[in-house]
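Thanks for coming, everyone. Let's take a quick walk through one structure. Here it is on the screen.

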Amino acid sequence: MISGTLELREIDRWSGPFSGEIRDRAVDALEDGLVLYFPTLPFRLEEQEQCLLSPAVANGKAKNVSLDPLSGSVKGAAPDADRARLHAMLERFAAQATQLVSELFPAYVSGLERARTSYRPVEIEGRSYSALKDDKLLHVDAFPSTPTHGRRILRLFSNIAPAGHPRIWRVGEPFQDFARKFLPSLPRPNPVTAWFFAAVGATKTRRSAYDQLMLALHDGAKRDAAYQKGAPQVEIDFPPGTTWLCYTDQVLHAALAGQFALEQTFHIELDSMADAARSPLRVLENLAGRSLAN
Ligand code: SIN
Ligand code: FE
């Protein structure tokens, strides 16, 4: 049985303070691999932002519009899109998401990095991609050019679509069960390949053994049609006006349908976790019987 979500109806604003009891429940469920679901926490668009609810604001090459926190630049927008408005909406969402995460998980603050913010205005259903790029298939997040070396990937989503357009996800079995099934058949991490990709600039830093295994798990799950069909999974519908949050490097997830979502990515140091033994790095090390950090 997959429990899938922890519903936190009592959280209906982006700022705390939140009670110790709620914070403890939230961090425990999050690190356990549940999706924290806030059914009464909407991200509200301003009146003048309603015009951004159109797939035409994306440039078509990129499916998402994104905000880079370092440069402050907006990427992936159509040439005639209102960049200033997009920037303001993305920045306000990022600030609210950061406030919620900081106040709900105060122990994370010292190890928290606000990464990219994205706006996803294109309908998912009906899009076709190669299997490896297709996020309609169950996967854990692992990105070819950005090794994490075990730092966590935490993502917060808000559905800002008009009424009647849920974002539909599926979530799969616990990471440990998934990893145990796939690990024996994965290629062994290869330090020479990792060095080569870094040397030619294909990766931002050198992939650790952990990064190589996470990519192999991402690809292995997406390529395995029998696993996609037969693996334990539950569907979760997130209606407009709701927000959710999970460790996408741990939760097997697939986004099947939906349009108009905002997403904020955070990276979290393992040392900041309440129980780092539940992180994918430690779970994989435990299964492999060796360190995977290098
Ligand atoms: C994903 O992270 O795989 C996609 C999630 C979404 O856009 O809802
Ligand atoms: Fe994903």
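Start with Ser279. This residue is buried, with a relative accessible area of 0%. Keep in mind that this is a predicted model.

Where does Ser279 sit? It lies in the loop between β11 (261–268) and α7 (280–288). What does Ser279 touch, leaving out residues up to four places away in sequence? Arg152, Leu270 and Met273.

Next, the metal. Which residues give the protein donors of the iron ion, ligand 2? They are His139 through NE2, Asp141 through OD, and His253 through NE2. These donors lie 2.1 to 2.2 Å from the iron ion. Along the chain, the spacing reads H-x1-D-x111-H. Asp141 is in the loop between β5 (112–120) and β6 (152–159), while His253 is in strand β10 (residues 253–257), so this pair ties together parts that are 112 residues apart in sequence. Buried or exposed? Both Asp141 and His253 are buried.

Last stop, helix α1, residues 20–32. Let's check its length. With 13 residues at 1.5 Å each, α1 should span 18 Å, and its end C-alpha atoms are 18 Å apart, so the two agree. Buried residues in α1 are Ile22, Ala26, Val27, Ala29, Leu30 and Glu31. What do they pack against? Strands β1 (5–7), β2 (35–38), β6 and β9 (243–247), plus helix α2 (83–104). Just after α1 comes Gly33, with a positive phi of about 100°.

That's my tour. Thank you.

Definitions and conventions: Residues numbered from 1 in each chain as written. Chains lettered and ligands numbered in written order. Predicted model: local features only at pLDDT ≥ 70, side-chain atom pairs only at ≥ 80, totals over all residues. Heavy atoms only, no water. Donors = N, O, S within 2.8 Å, 3.2 Å for Na, K, Ca; no water. Helix = DSSP H or I, 4+ residues; strand = E, 2+ residues; numbered from the N terminus. Buried < 20%, exposed > 50% of the residue type's maximum accessible area, 1.4 Å probe, protein only. Contact = heavy atoms within 4.5 Å. Expected span 1.5 Å × (residues − 1).
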